[in-house]
Amino acid sequence: MPLPRTASAESAGAFNLRDALELPSLALGSPELLTPSAGLDAGIRWAHIIGQDHPGTMLQGGELVLSTLPKFTEDRQDLTEILRGYLADLDGVGAAALAVEILPDRPRLIEALRTVAAEREAQPDAERRFPLFLFSQVVRFVDITESIHRELVARQLGMRSDGTTWDPIVSATTNLLDDLAAPGGLPEPEITARATALGMPSDALGTEPSFLPLVIRTEPAGGMGSSSGSQLQSLSVLIRETAAKLRLPALVGHRSEAELSVLIAQGDPARLCREIAREITRRRGQEALPRFTVGTAETAGRERTLLCESPAGLEAAAEVAASAALLTRRFSSAEEVPESVTLQGFWRPADLGLRGLLVHLSAGSTPHDAGSPVGWFLEHQLAPFRGEEGQRMRDVVLALVRTGGNKAELARELSISRPTLYARIERIERAVGAPLAGETLSALHVALLLDELRYR
């Protein structure tokens, strides 16, 4: 798999096996070099976690392959033979190295691996063959791939990967999502290989929809020296680190200058959104972080999508986030945000309701723009709803919609007697020239919501 397309490879510093072995994530596993004649100066261009027994089809050369060899079970009688074939497959594509985790409870496989390694050492061209490493304890391949990818992308961009807000994993994810959205998409094996290298579990990459698309739309926060670009990068790093802390597999990438794409492979998205909000509150005094709105196209029965189909889900989520951001700007207080949004931390289409459409209609008009279609509609619908008496009439119409026409409940909500309520309804019906029901009530409701949004 090629490096993320963010800079020319010519500017990248060489990164080889010696460099990789010095990374804490790899060194802590105490890898044993089974083929000491093999050189450690070969360059690494990427790292893959592979479980297949024919890995060559997923590689292009120069990769460090990490595997537990899950299909090489102890009950197989041909372990030495299939290991020879496995290594020959990697030889054929020019792999940089193979590092396998085999624990002591698989003694036959360990014996077969040492046998094959000794055979390679005995070959005349042993120094030109790729190195073979053995981990005899549990290691976190995800941590290894992440640290290697950080170094690779950092060197490619001529940057250090030490604590800057720029995150090469986010950069690589952005490229993956861009490639998925491009005409023709990507071959399934490449999708799987790249997503696995970014830490996605194999069970999320099967044939069942597993990914929930979220789009985070931002507005820059104030502050000396702050910029929308640096704030977006800081937020993307915060989200990725928060998901990792919660052990929620997630892909985080930049969608635009003001938006982030997030694909949650497993777990509760509300848990992630709530923890992000808490972390931002904690850090707010230390760094400039943008205000943001989270949207998803999640609906009953359509919560998840395949990774290859995620661009469509992200596009729909972006529309929800855009509507929610517009709507939130019109709210005079946090209390107006729907309770469901407060609890879950993101907006769904159902949370937007009718206001989600009307906020777009009102966005381009001014309160006194009577020549626009919106202004014309409001002028004709709301002519009687002016002044103090008009406000009381507005309250009746809006409460009538909320209560579903139940007169007893309506009177209680307005804190008036039934006779007073009937008198107000009759006054409204005379003013509009039609019974306060059906399409007349719907049109008045829409007009009042539009008017409310337009004046905010």
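Trainee: What makes strand S7 mostly covered?

Mentor: Four of the five residues in S7 (residues 250-254) are buried. Buried means under 20% relative accessible area, exposed over 50%, partly exposed in between, with a 1.4 Å probe and protein chains only. The model is predicted: local features need pLDDT of at least 70, side-chain atom pairs count only at pLDDT 80 or more, and totals for chains, interfaces and linings use all residues. Residues are numbered from 1 along each chain as its sequence is written, and side-chain values use heavy atoms, without hydrogens and water.

Trainee: How do you know that S7 pairs with S8?

Mentor: Two strands pair if DSSP finds at least two bridges between them. Five bridges join S7 to S8 (residues 259-264), so the pair qualifies. The two strands run antiparallel. A hairpin of four residues links them. Leu 251 faces Leu 263 in S8.

Trainee: Where does Ser 340 sit?

Mentor: In helix H11, residues 339-344. Helices (H or I, at least four residues) and strands (E, at least two) are DSSP runs, numbered from the N terminus.

Trainee: Which residues does Ser 340 touch, not counting residues up to four places away in sequence?

Mentor: Arg 348 and Asp 351. Contact means heavy atoms within 4.5 Å.

Trainee: How many helices and strands does the chain have?

Mentor: There are 18 helices and nine strands. Of the 456 residues, 45% are buried.
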